[in-house]
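Here is a short briefing on one protein model. Keep the sequence and the 3D view open as you read.

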Amino acid sequence: MKIQITENGPYIVSGNIPLFREIMVKYKMTIPQEWKKVQEFQVKGKYALCRCGMSKNKPFCDGSHKAGFDGEETAENVPYAELAKVYSGKNFNLLDNKPLCSSARFCLKGKGIWEHIKEVKAIDEIKGEVWNCPSGRLVLTDKEGNPIEPEFPKEISILEDNLAGVSGPIWVKGGIPIESSKGTIYEIRNRVTLCRCGKSANKPFCDGTHIKIKFKDKNFKL
């Protein structure tokens, strides 16, 4: 069970990993409250997901990358914790690795998670703001530094940012290994987002560029 990145080509998913589509449930304006599954794709043991943004059969690859997609992987393959800033809270700490941001905006509710962490005493008051962050930019820990993470099954979701009117990245959950086109394994994490618009400057990971370029999957009505 893994996701293999092909050179200037698609993501090859093996191991019969379930594939869904999820949209945002609105909280206020363009700030979401939670994710909602709206579709389950019928997939076999192995399938290819588009990462160039050009396929006419999204989210699946149709060979459009052959027209000249530059899929060079530019992300640093270093442990998350080495690049994360620590925000101290009452009973919990927040780790923030900003370059991983996929612009999902759950963290912007109210005063923002960076202020909430200073005020709350119970994890239930803030876990939705952190756990719904699909990229894993934000991670809660206890005071000893142990991560407090949701128990995700191994699955993949195609995200639609219906509140901003664009199509989002690929959400990889549950610690699925991601192999680079060079054969190395990126740090295995509970949640990460992979670029599917083809324009991220942090490939293979999403950096929120899909919003700037107004990326849309015409196979799904936003």
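Where is the place of P204? P204 sits in the loop between β13 and α4 (209-212). Keep in mind that this is a predicted model. The protein has 4 helices and 13 strands.

**Overall shape**

- A compact globule with 222 residues would have a radius of gyration near 17 Å; the protein has 17 Å, so the two agree.
- Along the principal axes, the C-alpha atoms fill a box of roughly 50 × 35 × 30 Å.
- Of the 222 residues, 53% count as buried.
- The accessible surface comes to about 10,800 Å². Carbon and sulfur atoms make up 50% of that surface.
- Take the contacts with a separation of 6 or more: 60% of them are between residues 24 or more positions apart.

**Nonpolar cores**

- In soluble globular proteins, nonpolar side chains tend to be buried together.
- Here, the largest nonpolar core has 24 residues. I3, L49 and I156 have the most contacts inside this core.
- Six strands each supply at least two residues of this core: β1 (2-5), β2 (11-14), β5 (46-49), β10 (155-161), β11 (166-173) and β13 (191-194).
- Leaving aside residues up to four places away in sequence, I156 touches a list of residues that includes I3, V13, L49 and W171. Also among them are I17, P18, L19 and F20.
- Another core, of 13 residues, lies apart from the largest one. F92, C107, I117 and C133 are among its residues.

**Aromatic pairs**

- A pair of aromatic rings is described by the distance of the centres and the angle of the planes.
- The count of aromatic pairs comes to 6.
- W35 and W171 form a tilted pair, 5.7 Å centre to centre, with 50° between the planes.
- This pair links distant parts of the chain. W35 is in strand β4 (residues 31-41) and W171 is in strand β11, 136 residues apart.
- W35 counts as buried because its relative accessibility is 12%, under the 20% cut-off. W171 is also buried, with a relative accessible area of 2%.
- Y47 and F60 form an edge-to-face pair, 6.3 Å centre to centre, with 85° between the planes.
- Y47 lies in strand β5 and F60 in the loop between β5 and α1 (80-83), so this pair ties together parts that are 13 residues apart in sequence. Both Y47 and F60 are buried.
- Ring pairs also link W35, F106, F152 and W171 into a cluster.

**Charges over rings**

- The charged end of K37 sits over the ring of F20, 4.0 Å from the ring centre.
- K109 lies over the face of Y27, at 4.6 Å from the ring centre.

**Backbone points to check**

- Most residues other than glycine have a negative phi, and most peptide bonds are trans.
- The bond that joins K58 and P59 is cis, with omega about 5°. P59 is in the loop between β5 and α1.
- The peptide bond from K203 to P204 is cis too, with omega near 10°.
- N8 is not a glycine, yet its phi is positive, near 55°. N8 is in the loop between β1 and β2, and it is partly exposed, with a relative accessible area of 30%.
- S103 is not a glycine either, and its phi is positive at about 60°. S103 is in the loop between β7 (93-96) and α2 (113-119). S103 is partly exposed, with a relative accessible area of 24%.

Notes. Residues numbered from 1 in each chain as written. Predicted model: local features only at pLDDT ≥ 70, side-chain atom pairs only at ≥ 80, totals over all residues. Heavy atoms only, no water. Core = buried A, V, L, I, M, F, W, Y, C linked by side-chain atoms within 4.5 Å. Buried < 20%, exposed > 50% of the residue type's maximum accessible area, 1.4 Å probe, protein only. Contact = heavy atoms within 4.5 Å. Phe/Tyr/Trp six-rings, centres within 6.5 Å; stacked < 30°, edge-to-face > 60°. Lys NZ or Arg CZ within 6 Å of the ring centre and 35° of its normal. Rg over C-alpha atoms; globule rule 2.2 N^0.38 Å. Areas by Shrake-Rupley, 256 points an atom, 1.4 Å probe, with all protein chains shown as cover.
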